[in-house]
Amino acid sequence: MKPSILMLAASLMLTAACPADAGSLLKPRDSAPAILPVNDAFQLQPVLWRDGKLDISLDIAPGCYLYRDKIQVEVLEPTGLKLGRVALPPGELHQDEHFGVVRVFRQQLAVQHRVDHPPQRLRIRYQGCAEGLVCYPPQVREVTVESLR
């Protein structure tokens with residue numbers, strides 16, 4: 001046989017042996033769950049001051065949680081204004097593979113903190129994880145406070 005006929009015959013045999021959707025061989029059987037970007041996992045809502053109270057809220061994506069003890073709030077402006085310790089809800093107990101038994105928030109964290117004078121800018125720190133996938137690095141957000149009178 002001529003070499004070109006041999007190559008044609010070999011190609012036909014290989015094509016017949018392959019499944020109709022040869023591309024399916026390259027696809028993973030079980031897709032790994034998608035890891036959300038940190039700003040999608042923990043969405044900080046606009047921070048508001050009204051009626052002598054500071055409202056801070058984070059929406060937490062399904063399957064994610066925030067560590068209670070990693071949340072901090074401090075005033076950037078005006079300098080000299082102190083918030084005191086922001087009272088967080090108790091959260092729920094969680095057995096964490098890195099920190100042992102900790103308290104966490106799921107779905108949403110909403111805090112109202114009494115402060116007589118409205119802060120203009122805050123620094124908010126937090127850290128959380130996507131359950132069984134990844135722990136995000138500590139986050140620091142500087143925000144302008146909206147004052148509603």
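Let's start at a charged spot: the charged end of Lys70 sits over the ring of Phe99, 4.6 Å from its centre. A charge sits over a ring here if NZ of Lys or CZ of Arg is within 6 Å of the ring centre and within 35 degrees of the ring normal. Keep in mind that this is a predicted model, where local features need pLDDT of at least 70 and side-chain atom pairs count only at pLDDT 80 or more, while totals for chains, interfaces and linings use all residues. Residues are numbered from 1 along each chain as its sequence is written, and side-chain values use heavy atoms, leaving out hydrogens and water.

Now for the inside. The largest nonpolar core has 30 residues, and Phe42, Val47, Leu54, Leu83, Leu122 and Ile124 touch the most other members. Such a core is a set of buried Ala, Val, Leu, Ile, Met, Phe, Trp, Tyr and Cys residues joined through side-chain atoms within 4.5 Å; buried means under 20% relative accessible area, exposed over 50% and partly exposed in between, using a 1.4 Å probe and protein chains only. At least two residues of this core come from each of helix H2 (38-41) and strands E3 (53-60), E4 (64-67), E5 (72-77), E8 (108-114) and E9 (121-126). Helices (H or I, at least four residues) and strands (E, at least two) are DSSP runs, numbered from the N terminus. E3 gives the most to the core, with four residues. A second, separate core of five residues includes Tyr67, Val102, Val104 and Cys129.

Strand E1 (residues 42-44) runs antiparallel to E3, joined by three bridges, and strands count as paired if DSSP finds at least two bridges between them. Gln43 stands opposite Asp59 in E3, and Asp59 in turn stands opposite Gln108 in E8. E3 and E8 are antiparallel too, with seven bridges. Strand E2 (residues 48-50) also runs antiparallel to E3, through three bridges. E2 and E3 form a hairpin with two residues between them, and Asp51 in the turn has a positive phi of about 50°.

Which residue in E3 is the bridge partner of Leu48? That is Asp55, which is buried, with a relative accessible area of 11%. The side chain of Asp55 makes a polar contact with the side chain of Arg50 at 3.1 Å. A polar contact is a pair of N or O atoms within 3.5 Å; within protein, one must be able to donate a hydrogen and the other to accept it, and residues adjacent in sequence count only if both atoms are side-chain atoms. Ser57, also in strand E3, is buried at 15% relative accessibility, and its side chain makes a polar contact with that of Gln108 (3.1 Å).

Finally, the aromatics. There are four aromatic pairs, meaning rings of Phe, Tyr and Trp (its six-membered ring) with centres within 6.5 Å; planes under 30 degrees apart count as stacked, over 60 as edge-to-face and the rest as tilted. Phe42 and Tyr126 have ring centres 6.3 Å apart and planes at 70°, so this pair is edge-to-face. Phe42 lies in strand E1 and Tyr126 in strand E9, so the pair ties together parts that are 84 residues apart in sequence. Phe42 is buried at 2% relative accessible area, and Tyr126 is buried at 1%. Phe42, Tyr126 and Tyr136 form one aromatic cluster.
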